[in-house]
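Here is a short briefing on one protein model. Keep the structure in view as you read.

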Amino acid sequence: MLDTKADSFSSTEKVIDEPDTKYKDVEIIEEPADMVRGVPGKLSIWTLLVVVMELCERFAYYGASLMFNIYLQQILGRSKSEAVALNRVNQFMAYATTILGAIIADQFLGKFKTIVLFGIVYLVGLVVLAISSADFSVEGGFGLAGFCIAVFAFIGFGTGGIKSNVSAFMAEQIPVGYKKTGTPGVYEDSKLTTERGFRYFYWSINVGAFAGMLACPQIAKNESYAIAYMLPAIVFFIGIMAFVAGSKRYTKKKPQGTVLVKVWRCMRYARKHKQEGQGHWLDSSLGATDQEWNDEFVVGLQRSLRACKVFLFYPIYWSVYGNMTDLLINQGLIMRRPSWLSVDQLNVVNSLVLIVAIPIFDNFVFPLLRRMGFRMGPIVRITTGFAIAVCGFIYVTILQKVIYTKRPYFDFTGDDVPEGAFNDISVWLQIVPYGIIAISEIFTSVTGLEFAFSQAPAELKSVLTAVYLFTNCGGSLIGMILGIWSSDPEVLYVFAAQTIILGVLAIIFYFCFRHYDNIVAKQEQFNS
């Protein structure tokens, strides 16, 4: 869904201090009196350029990182547990640096320049990775060292700096307000357009991931890892060029300065002036005179803190989700498969389901629910995603148990188990959990990005998005710990434990935060 017209954007670069709602292509700022219902608007061509860059970045990230597990074991001679640990360290670095990217964007460079800067760092890492995987590097003893330098010093920082800014930058390209349609009483609503923008942003992530995961492992299998790792570098270079091409047409916000210091001072003021009977402990910062914040900032900070409580439940979900890039691959390696298939490529099922499902949910499922008067607030959606993920890993746990009942190696604990051994059970049975996890992402991951953006004040949008993404670090840490038991047959108990814990936490999560849906609904009404 995109509008190829230039709309009302001028031919010169737009830089704004605050999220100005008075764009020329939005006719009405406040909710119209005759409004019956809202519909999402089209996405501009400039929003599309941001999406294209993210598509290429995800091609690079997933195309390269999907190969890490098998590359580390088969080329660099690492054990299963070592490969899982290094893979989870990669995931940790990719999300640990999101806070750094947000601080640099919000305080110093702005989102656009920050994305370009970290993109260059990222590109250098991809080139180093390709060089280190060449035969002369591996044979010369530089393989593992080069891998660690490329992944932990360059790619991790690069992707983290981009992640914390690119989705918020995309959303800032969507003008705020209402616009008439050809149907009386029906208006394009920027809130719904933003929801659509995040869904299609996530859709582009999975188009890129699908293409990268489909192409790169096959190139590694049939050609070499050096060529397979160089392809992501080439694709990402194209993405950066596409992103920079829209520089003069983007809506850009100036960096806001030391926003974290402002947050600290606001919170310290509230603690110092706290009074009995306050609804929220930050209320004492409301109405403060001669301070650097206003009431709008305080209310936004209150919403941001509520969002952070919600995000505390995400790490266990991410630990389960992260199994797709290591433990599920290891599971596939002990199952019967065609000679042409590289088992890590089954991850394309996850991306393919998302590519198909996101437009279906956007155009049919969610609009149908709205027409029926059923509002799925963020907490209901996140809980639904947790529950779907639990179902997927109940299947994975049962499948692992069934694998251990099959001949010829059962649970792979015998003395006569050769390298690369597998049991007589089809790897195609893994398609189911990859698809189920994909559906869970629509409810959990997409909603988390949208929730972070909608709850933060203008100055904190990158920071709160980074906090949400940082929850992946918790998942990676859990995965690193559980990686100790990633060998057969202990991995069965890892799957079972993760499934049970996520199921219990999903129930606790819903009953702790279900009232937030009403708060968010009132917030949306007030904003209107």
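Where does D290 lie? D290 sits in the loop between helix 10 (259-272) and helix 11 (295-311). Keep in mind that this is a predicted model.

**Overall build**
- The protein has 19 helices and 9 strands.
- A compact globule of 528 residues would have a radius of gyration near 24 Å, and the protein agrees because its own value is 24 Å.
- The C-alpha trace spans about 75 × 55 × 45 Å along the principal axes.
- Of the 528 residues, 57% are buried.
- Take the contacts between residues at least 6 apart in sequence: 82% of them join residues at least 24 apart.

**Helix 8 and helix 9**
- Helix 8 covers residues 190-222, and helix 9 covers residues 225-245.
- Their axes lie 7 Å apart, and the packing angle is about 160 degrees.
- Angles over 145 degrees count as roughly antiparallel, so helix 8 and helix 9 are roughly antiparallel to each other.
- The crossing of helix 8 and helix 9 is right-handed.
- Helix 8 makes the contact with A215, C216, I219 and A220, while helix 9 uses Y225, I227, A228, L231 and P232.
- The residues of this contact divide into 9 nonpolar, no polar and no charged.

**Helix 15 and helix 16**
- Helix 15 covers residues 378-403, and helix 16 covers residues 431-455.
- Their axes come within 8 Å and cross at roughly 160 degrees.
- Helix 15 and helix 16 are therefore roughly antiparallel to each other.
- The crossing of helix 15 and helix 16 is left-handed.
- On helix 15, the contact residues include P378, R381, F386 and Y395. On helix 16, they include V432, F443, E450 and F451.
- The residues of this contact divide into 15 nonpolar, 6 polar and 2 charged.

**E195, a residue of helix 8**
- E195 is placed in helix 8.
- Is E195 buried or exposed? Its relative accessibility is 16%, so E195 counts as buried. The cut-off for buried is under 20%.
- Leaving out residues up to four places away in sequence, E195 touches R370 and E450.
- E450 also belongs to the contact of helix 15 with helix 16, on the helix 16 side.

**Backbone exceptions**
- Most residues other than glycine have a negative phi, and most peptide bonds are trans.
- D290 is not a glycine, yet it has a positive phi of about 60 degrees. D290 counts as exposed because its relative accessibility is 79%.
- F412 is not a glycine either, and it has a positive phi of about 60 degrees. F412 is in the loop between helix 15 and strand 9. At 12% relative accessibility, F412 counts as buried.
- Which kind of peptide bond runs from R407 to P408, cis or trans? The bond is cis, with omega near 5 degrees. P408 is found in the loop between helix 15 and strand 9 (423-426).
- The peptide bond from D488 to P489 is cis, with omega near 0 degrees. P489 lies in the loop between helix 17 (461-482) and helix 18 (491-513).

Technical notes
Residues are numbered from 1 along each chain as its sequence is written. This is a predicted model: local features need pLDDT of at least 70, side-chain atom pairs count only at pLDDT 80 or more; totals for chains, interfaces and linings use all residues. Side-chain values use heavy atoms; hydrogens and water are left out. Axes are lines fitted to C-alpha atoms, for helices over the stretch in contact, and angles run from 0 to 180 degrees between N-to-C directions. Helices (H or I, at least four residues) and strands (E, at least two) are DSSP runs, numbered from the N terminus. Angles under 35 degrees count as roughly parallel, over 145 as roughly antiparallel, 65 to 115 as roughly perpendicular and the rest as oblique. A crossing is left-handed if the near helix is turned anticlockwise from the far one by less than a right angle, and right-handed if clockwise. Contact means heavy atoms within 4.5 Å. Ala, Val, Leu, Ile, Met, Phe, Trp, Tyr, Cys and Pro count as nonpolar, Asp, Glu, Lys and Arg as charged, and the others, Gly among them, as polar. Buried means under 20% relative accessible area, exposed over 50%, partly exposed in between (1.4 Å probe, protein chains only). The radius of gyration is taken over C-alpha atoms; the globule rule is 2.2 Å times the number of residues to the power 0.38.
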